[in-house]
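This briefing covers one protein model, with attention to its charged side-chain pairs. The structure is shown below.

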Amino acid sequence: NEAGSFGEFHALVIGNNDYLNYPKLSTAISDAKDVANILSNRYGFKTTTLINANRFTILAALNRLNKKLAKNDNLLVYYAGHGELDNSKTGYWLPVDANRSDQRKWISNKAVTDILNAMDVKRVLIVADSCYSGALTRSSIAQIDTAVGDAQRMQMLRSMAKSRARTALVSGGMQPVADQVDSGKHSVFANAFLQVLLQNDDII
């Protein structure tokens with residue numbers, strides 16, 4: 001079975017709207033729910049969804065996955081919510097209980113990537129739709145030439161499946177991003193991400 005060589009696919013999807021000490025967001029929850037639905041029903045991911053999650057809930061979910069996932073598994077982490085940047089240009093995800101004057105409830109990008117890097121899984125993709133999400137990224141990734149034949153393409157995919165990878169797809173650089181445009185159900189980033197997932201009919 002060709003698919004079996006790629007391992008199992010898991011997703012942790014987080015959507016935070018109802019902040020206690022920051023402005024409430026309007027699309028993060030609907031973004032997260034629709035992403036989780038597509039990943040589960042169209043792509044066969046085993047998905048955990050967290051809605052309006054606090055710091056403990058997010059870190060506990062990541063640590064549970066660390067213990068649960070196997071060596072050949074794959075993990076996608078989707079985060080929609082507020083992000084922050086401190087004076088040292090360190091990026092943070094903000095749980096719903098985050099406080100502007102106390103960073104102890106913020107979750108640094110480093111804390112997230114440290115947990116994910118410690119996981120003995122094959123591949124991890126972080127998809128972050130938040131302000132300052134560019135603080136997660138470091139470099140670009142290689143792409144498969146779409147002009148190659150089916151046999152050569154499958155050989156490239158098999159080769160990629162053997163290697164460990166940690167990748168991030170983010171909604172912006174080191175600046176704020178819009179929550180929504182024209183009263184839509186989704187953020188601009190989430191809408192584009194969802195459309196790609198819906199229209200794709202191949203390995204992605």
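Asp-97 is buried, with a relative accessible area of 16%. In this predicted model, the side chain of Asp-97 forms a salt bridge with that of Lys-105, at 3.9 Å from N to O. Lys-105 is partly exposed, at 40% relative accessible area.

**Salt bridges**
- The structure contains five salt bridges, among them the pair of Asp-97 and Lys-105.
- Asp-102 and Arg-104 also meet through their side chains in a salt bridge, with an N to O distance of 2.8 Å.
- Asp-102 is partly exposed at 25% relative accessibility, whereas Arg-104 is exposed at 67%.
- Another salt bridge links Lys-110 to Asp-114, whose closest N and O atoms are 2.8 Å apart.
- Both Lys-110 and Asp-114 belong to helix α3 (residues 109–118), where they sit four residues apart, about one turn of the helix.
- Lys-110 is exposed, with a relative accessible area of 55%, and Asp-114 is partly exposed at 39%.
- Side chains of opposite charge can pair when their charged atoms come close.

**Fold elements**
- The protein has five helices and eight strands.
- Read from the N terminus, the order of elements is β-α-β-α-β-β-β-β-α-β-α-β-α.

**Burial, contacts and surface**
- Of the 204 residues in the protein, 44% are buried, and Asp-97 is one of the buried residues.
- Among contacts between residues at least 6 apart in sequence, 75% join residues at least 24 apart.
- The protein exposes about 11,000 Å², and 51% of that area comes from carbon and sulfur atoms.

Conventions:
Residues are numbered from 1 along each chain as its sequence is written. This is a predicted model: local features need pLDDT of at least 70, side-chain atom pairs count only at pLDDT 80 or more; totals for chains, interfaces and linings use all residues. Side-chain values use heavy atoms; hydrogens and water are left out. Helices (H or I, at least four residues) and strands (E, at least two) are DSSP runs, numbered from the N terminus. Buried means under 20% relative accessible area, exposed over 50%, partly exposed in between (1.4 Å probe, protein chains only). Contact means heavy atoms within 4.5 Å. Accessible areas come from the Shrake-Rupley method with a 1.4 Å probe; for residues, only the protein chains shown count as cover. A salt bridge is a side-chain nitrogen of Lys or Arg within 4 Å of a carboxyl oxygen of Asp or Glu.
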